[in-house]
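Have the structure open while reading.

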Amino acid sequence: MLLTLIDEVADEPLGWLSAAEEDRGALSVAEVVAAFERTAAAIRQRIRERAFSGVATFYVWHDEQAGQLRCSTGSVSPDALPFGAAYAASGRLAPIVERFLADGEPGRVAWSDLDDVRSLSGQAEPEVAPLDVWVSGVGASSRPLPPGADGGRRARGSG
């Protein structure tokens, strides 16, 4: 079911994909990665057929709070994705999919993982690791990151 949904993402500007526990256990990282790569290829083909000559990026990330894989396509380069927080653009999708498939309680945050706002007053904000985002250049003038490449850490508005 999840693989079919990934294939259908090529027709949508933004997608989110959830999977029941039994679906997560039945899927391999390689299958999910291959499905997203097929989707990126389909988007790339459709963009080229429409003679779009600019930059376009298809990207995927694991939204841990929602327990979903999310993806989108935008006419931006990998260093200008519309995230409001720091992110790390990468050519490596497998680690993102691994975390999604291994999430035993998708969309749930343990009380012990939450900070008491009162105890943080007056302190510097804790450093948050950047969001890992797989990027695939799908526009005619896009240059995809090689599978092992790290596009660096970016924050909205920087670059």
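Of the protein's 159 residues, 35% count as buried. Buried means under 20% relative accessible area, exposed means over 50%, and partly exposed lies in between, with a 1.4 Å probe and protein chains only. This is a predicted model, in which local features need pLDDT of at least 70 and side-chain atom pairs count only at pLDDT 80 or more, while totals for chains, interfaces and linings use all residues. Residues are numbered from 1 along each chain as its sequence is written, and side-chain values use heavy atoms, leaving out hydrogens and water.

## Overall make-up

The protein has five helices and six strands. From the N terminus, their order is α-β-α-α-β-β-β-α-α-β-β. These elements are DSSP runs numbered from the N terminus: helices are H or I with at least four residues, strands are E with at least two.

Ser18 gives one example of sequence distance against spatial distance. Ser18 sits in the loop between β1 (14-17) and α2 (21-26). Ser18 is partly exposed, because its relative accessibility is 35%.

## Salt bridges

How many salt bridges does a search of the whole structure find? There are two. The criterion is a side-chain nitrogen of Lys or Arg within 4 Å of a carboxyl oxygen of Asp or Glu.

| Salt bridge | Closest N and O atoms |
|---|---|
| Arg70 with Asp63 | 3.2 Å |
| Asp132 with Arg99 | 2.9 Å |

Take the pair of Asp132 and Arg99. This pair links distant parts of the chain: Asp132 is in strand β5 (residues 131-137), Arg99 is in helix α4 (residues 94-102), and they are 33 residues apart. Asp132 has 32% relative accessibility and so counts as partly exposed. Arg99, at 34%, also counts as partly exposed.

In the other pair, Arg70 is partly exposed at 25% relative accessibility. Asp63 is buried, because its relative accessible area is 17%.

Arg99 also touches His62. His62 belongs to strand β2 (residues 57-63). With a relative accessible area of 6%, His62 is buried. Beyond residues up to four places away in sequence, the contacts of His62 are Gln68, Leu69, Ile96, Arg99, Phe100, Asp103 and Leu131.

## Aromatic pairs

A pair of aromatic rings is described by the distance of the centres and the angle of the planes. Here, rings of Phe, Tyr and Trp (its six-membered ring) pair if their centres lie within 6.5 Å; planes under 30 degrees apart are stacked, over 60 edge-to-face, and the rest tilted.

The structure holds six aromatic pairs. In one of them, Phe58 and Trp134 have ring centres 6.1 Å apart and planes at 85 degrees, so the pair is edge-to-face. The pair links distant parts of the chain, with Phe58 in strand β2 and Trp134 in strand β5, 76 residues apart. Both Phe58 and Trp134 are buried.

Tyr59 and Phe83 form an edge-to-face pair too, because their planes stand at 70 degrees, with centres 5.8 Å apart. Tyr59 lies in strand β2 and Phe83 in the loop between β3 (68-74) and β4 (87-90), so this pair ties together parts 24 residues apart in sequence. Tyr59 is buried at 4% relative accessibility. Phe83 is buried at 12%. Ring pairs join Tyr59, Trp61, Phe83 and Tyr87 into a cluster.

## Nonpolar cores

A nonpolar core is a set of buried Ala, Val, Leu, Ile, Met, Phe, Trp, Tyr and Cys residues joined through side-chain atoms within 4.5 Å. The largest has 20 residues, and Phe36, Phe58, Val60, Leu93 and Trp134 have the most contacts inside it. At least two residues each come from α3 (29-49), β2, β3 and α4. The largest share, six residues, is from α3.

A second, separate core has eight residues, including Leu81, Phe83, Val133 and Val135.

How values were computed. Contact = heavy atoms within 4.5 Å.
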